[in-house]
Amino acid sequence: MAIERTFSIIKPDATERNLTGAINALIEKAGLRIVAQKRIRMTREQAGTFYAVHKARPFFGELVDFMISAPVVVQVLEGENAVLKHRDVMGATDPSKAADGTIRKLHAKSIGENSVHGSDAAETAAIEIAQFFSGNEIVG
Ligand code: ADP
Ligand code: MG
């Protein structure tokens, strides 16, 4: 399995509760390397573009409002099978369905305020990484 990259966000509910380090520890323990990271405040436009795939869903407006409500930490993670490995350590979207030991089981507040984002495929990871990082900001 080749080295792969994925895109990660530590969401507002987690940055507000000062959980950046706790979540990064779980990411690193899972065997992923944080090769780029910055704390930003997303604009409404950035959040809308990022979650455009969910535009027709009833929770879209709430999701955009949430993503701009406090700072987020955007990251690029690298490792073998990084996309799936990260989805595994994140846990299910709904924290009540997330496996023990996962980030969402340990920290998420609800299905909406669920602490982390992770790309769902290598193709989407490349698009999401390019939305927030230029090549020289990623140091593997
Ligand atoms: P994931 O983040 O696990 O890939 P989705 O891509 O399905 O999940 O949804 C994107 C984000 O939208 C979720 O992480 C969550 O913040 C929000 N979301 C998903 N489903 C709901 C829902 N039923 N109600 C409120 N927010 C939701
Ligand atoms: Mg998703």
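The model is predicted. The chain holds seven helices and four strands, arranged along the sequence as β-α-α-β-α-α-β-α-α-β-α. Its radius of gyration is 14 Å, close to the 14 Å given by the globule rule for 140 residues, so the chain is as compact as a globular protein of that length.

**Overall dimensions, burial and charge**

- The C-alpha trace spans about 40 × 35 × 25 Å along the principal axes of the chain.
- Of the 140 residues in the chain, 47% are buried.
- The accessible surface amounts to about 7200 Å², and carbon and sulfur atoms account for 52% of that area.
- Contacts between residues at least 6 apart in sequence are made up, to 78%, of pairs at least 24 apart.

**Nonpolar cores**

- The largest nonpolar core comprises 22 residues, and those with the most contacts inside it are Phe7, Ile9, Met42, Met67, Val74, Phe132 and Phe133.
- Two or more residues of this core are supplied by each of strand 1 (3-10), strand 2 (33-40), helix 3 (44-50), helix 4 (60-67), strand 3 (72-80) and helix 7 (122-132).
- Helix 4 provides the largest share of this core, namely five residues.
- Another core, of 14 residues, lies apart from the largest one and includes Ala14, Leu32, Val73 and Met90.
- Beyond residues up to four places away in sequence, Phe7 touches Phe50, Val74, Gln75, His86, His117, Gly118, Ser119, Ala125, Glu128, Ile129, Phe132 and Phe133.

- Ile23 belongs to helix 2 (residues 20-29) and counts as buried because its relative accessibility is 0%.
- Leaving out residues up to four places away in sequence, Ile23 touches Ile10, Ala14, Ile103, His107, Ser115 and Val116.
- Ile23 and Ala130 are 107 residues apart along the chain, and their C-alpha atoms are separated by 23 Å.
- His86 is located in helix 5 (residues 82-90) and is likewise buried, with a relative accessibility of 0%.
- The contacts of His86, not counting residues up to four places away in sequence, are Thr6, Phe7, Ser8, Ile27, Leu32, Leu77, His117 and Gly118.
- From His86 to Gly21, 65 residues apart along the chain, the C-alpha separation is 16 Å.

- Most residues other than glycine have a negative phi.
- Asn18, which is not a glycine, has a positive phi of about 60°.
- The loop between helix 1 (12-16) and helix 2 contains Asn18, and this residue counts as exposed at 70% relative accessibility.
- Ser115 also has a positive phi, near 70°, and is a residue other than glycine.
- Ser115 is placed in the loop between helix 6 (103-107) and strand 4 (116-118).
- With a relative accessible area of 0%, Ser115 is buried; among the residues that touch Ile23 is Ser115.

**Gln46 in helix 3**

- Gln46 forms part of helix 3 and counts as partly exposed, at 25% relative accessibility.
- Apart from neighbours within four places in sequence, Gln46 is in contact with Arg41, Gln131 and Phe132.
- Phe132 is also among the residues with the most contacts inside the largest nonpolar core.
- Gln46 and Lys105 are 59 residues apart along the chain, with their C-alpha atoms separated by 27 Å.

**Gly79 in strand 3**

- Gly79 lies in strand 3 and has a relative accessible area of 8%; it is therefore buried, since buried means under 20%.
- Not counting residues up to four places away in sequence, Gly79 touches Ala2, Ile3, Glu4 and Leu32.
- Leu32, in turn, is one of the residues in the core of 14 residues.
- Gly79 and Ile34 are 45 residues apart in sequence and 9.2 Å apart in space, C-alpha to C-alpha.

Methods: Residues numbered from 1 in each chain as written. Chains lettered and ligands numbered in written order. Predicted model: local features only at pLDDT ≥ 70, side-chain atom pairs only at ≥ 80, totals over all residues. Heavy atoms only, no water. Rg over C-alpha atoms; globule rule 2.2 N^0.38 Å. Buried < 20%, exposed > 50% of the residue type's maximum accessible area, 1.4 Å probe, protein only. Contact = heavy atoms within 4.5 Å. Areas by Shrake-Rupley, 256 points an atom, 1.4 Å probe, with all protein chains shown as cover. Core = buried A, V, L, I, M, F, W, Y, C linked by side-chain atoms within 4.5 Å.
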